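Student: I would like to go through this model step by step, with questions that I can check against the picture.

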Amino acid sequence: MHDFEYLAPTTLAAAVAALAMPGARPLAGGTDLIPQLREGRRRVARVVDLKRIPDLVAITPLPAGGVRIGAATSATAVAAHAAIAHDYLALVETARLIGSYQIQNRASLGGNVCNAAPSADAAPVLICLGAQAEVAGPGGRRTLPLEELFAGAGQTILAPGELLAALVLPLPAARSAATYVRFTPRNEMDIAIAGAGAWLRLADDGTVAAARIALAAVAPTPLRVPEAEQALLGQRPTATLLAETGRLAARAARPISDTRGSAEYRRELAKVLTARALAACCAQLGLTVEVA
Ligand SMILES: Cc1cc2nc3c(=O)[nH]c(=O)nc-3n(C[C@H](O)[C@H](O)[C@H](O)COP(=O)(O)OP(=O)(O)OC[C@H]3O[C@@H](n4cnc5c(N)ncnc54)[C@H](O)[C@@H]3O)c2cc1C
């Protein structure tokens with residue numbers, strides 16, 4: 001690994017100042033960044049460790065409902081937090097999917113989204129939960145819907161000197177449910193060949209009042225599928241409807257072929273996983289919908 005300077009600021013302002021220096025890169029858990037440096041896939045002049053900044057490793061329930069998760073908080077801390085376990089079970093389950101216990105003890109959700117791998121597991125479920133990305137930089141703070149953070153495979157819209165400070169989740173609506181499912185050849189320590197997140201909110205009459213669907217590893221960025229979401233609105237969830245929604249998701253997918261799977265295979269997975277994620281949401285809401 002090449003030499004670089006290690007900086008460990010203890011305030012957000014100091015981190016922003018350090019990131020303005022040439023060749024600086026944030027370091028959270030390092031489970032993506034360190035292998036990239038070791039294998040020569042990325043060069044940096046300095047790394048700015050975010051884990052010593054209290055604001056970035058705190059989970060704070062918000063007074064008006066919802067929760068703010070410091071971007072460098074470990075997956076383990078997220079999964080163990082009582083407020084998150086109570087309101088965002090899908091996020092707990094996803095945090096527990098990432099790598100192994102050892103990886104989860106280091107890996108942050110902020111690192112997962114800022115690494116911007118198309119296969120990142122946390123991105124679809126956070127998008128489905130309505131996460132906002134709180135960004136801090138030389139110009140102050142700004143907030144944007146998480147899906148707008150991604151610019152391409154391995155790329156975010158963060159400007160030089162900016163960092164992701166937190167992920168902010170709204171309070172879940174009544175009669176809503178979310179989930180994330182992925183397909184990996186192995187049960188653990190594997191990267192998703194494809195994944196699907198879903199969120200549903202039912203109206204009093206049992207029809208779908210609102211829906212979000214976000215896919216992993218079938219496009220350069222996490223892929224929200226508005227046309228599939230629209231197809232659900234005003235409808236009662238049935239096996240036929242969920243299968244059709246899966247087909248719409250597959251049609252929107254723009255997968256590549258690589259050593260882990262062909263584009264065709266990924267498209268098929270997008271279809272199947274979308275229907276299964278929606279069926280799992282239905283099950284949480286007390287509806288049984290059998291899908292393939
Ligand atoms: C053995 C192994 C298994 C894995 N399994 C999975 C898996 O199952 N699912 C999965 O999705 N991933 C997996 N990963 C990838 C990795 O663990 C996750 O993406 C993890 O969440 C990255 O978080 P981190 O805190 O370690 O990020 P880091 O490595 O510290 O950072 C990742 C990137 O994001 C940038 N960054 C970090 N924090 C910020 C911030 N706050 N603001 C701006 N930029 C930032 C860094 O500069 C770097 O470019 C695995 C990795 C390993 C080594």
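Student: In what order do the three strands of the open sheet stand?
Tutor: This is a predicted model, in which local features need pLDDT of at least 70, side-chain atom pairs count only at pLDDT 80 or more, and totals for chains, interfaces and linings use all residues. Residues are numbered from 1 along each chain as its sequence is written. Strands (E, at least two residues) and helices (H or I, at least four residues) are DSSP runs, numbered from the N terminus, and two strands pair if DSSP finds at least two bridges between them. With parallel pairing, the order is β1-β3-β2.

Student: Why is one side of β1 and of β2 left without a neighbour in the sheet?
Tutor: Strands of a sheet pair through backbone hydrogen bonds, either parallel or antiparallel. β1 (5-7) and β2 (24-27) each have a single partner strand, so one side of each is left without a neighbour, and the reason is that both stand at the edges.

Student: Which residue in β3 stands opposite Arg25?
Tutor: Four bridges link β2 with strand β3, residues 46-49, and the pairing is parallel. Facing Arg25 across this pair, in β3, is Val47.

Student: Which element gives the largest share of the shell around the ligand?
Tutor: A residue is near a molecule if its C-beta atom, placed from the backbone, lies within 6 Å of it, and of the 32 residues around the ligand, Ala28, Gly29, Gly99, Gly111 and Asn112 come nearest. The elements that give two or more residues to this shell are β2, α2 (33-38), α6 (101-106), α7 (109-115) and β10 (163-169). The largest share, five residues, comes from α7.

Student: How many residues of the shell around the ligand are charged?
Tutor: Ala, Val, Leu, Ile, Met, Phe, Trp, Tyr, Cys and Pro count as nonpolar, Asp, Glu, Lys and Arg as charged, and the others, Gly among them, as polar. On that division the shell has 19 nonpolar and nine polar residues, and the number of charged residues is four.

Student: Which strands stand at the edges of the five-stranded open sheet?
Tutor: The pairing in this sheet is antiparallel, and its order is β4-β5-β10-β6-β7. Two of these strands have a single partner strand each, so one side of each is left without a neighbour, and they are β4 (59-61) and β7 (140-145).

Student: Which residue is the bridge partner of Ile59 in β5?
Tutor: Strand β5, residues 67-70, runs antiparallel to β4, and three bridges join the two. Their hairpin has five residues between the strands, and Gly65 takes a positive phi near 100° there. In β5, the partner of Ile59 is Ile69.

Student: Which residue in β10 stands opposite Ile69?
Tutor: β5 also pairs with β10, in the antiparallel sense and over four bridges. In β10, the residue opposite Ile69 is Leu167.

Student: How many residues of domain 2 are in contact with domain 1?
Tutor: Domain bounds come from an automatic or database domain assignment, which here divides the chain into domain 1 (5-45 + 55-169) and domain 2 (176-284). Two residues are in contact if their C-beta atoms, placed from the backbone, lie within 7 Å. While domain 1 takes part with 19 residues, the number from domain 2 is 23.

Student: Which element gives the most to the side of domain 1 that touches domain 2?
Tutor: Two or more residues each come from α5 (89-95), α8 (122-128) and β8 (150-152). With five residues, the element that gives the most is α8.
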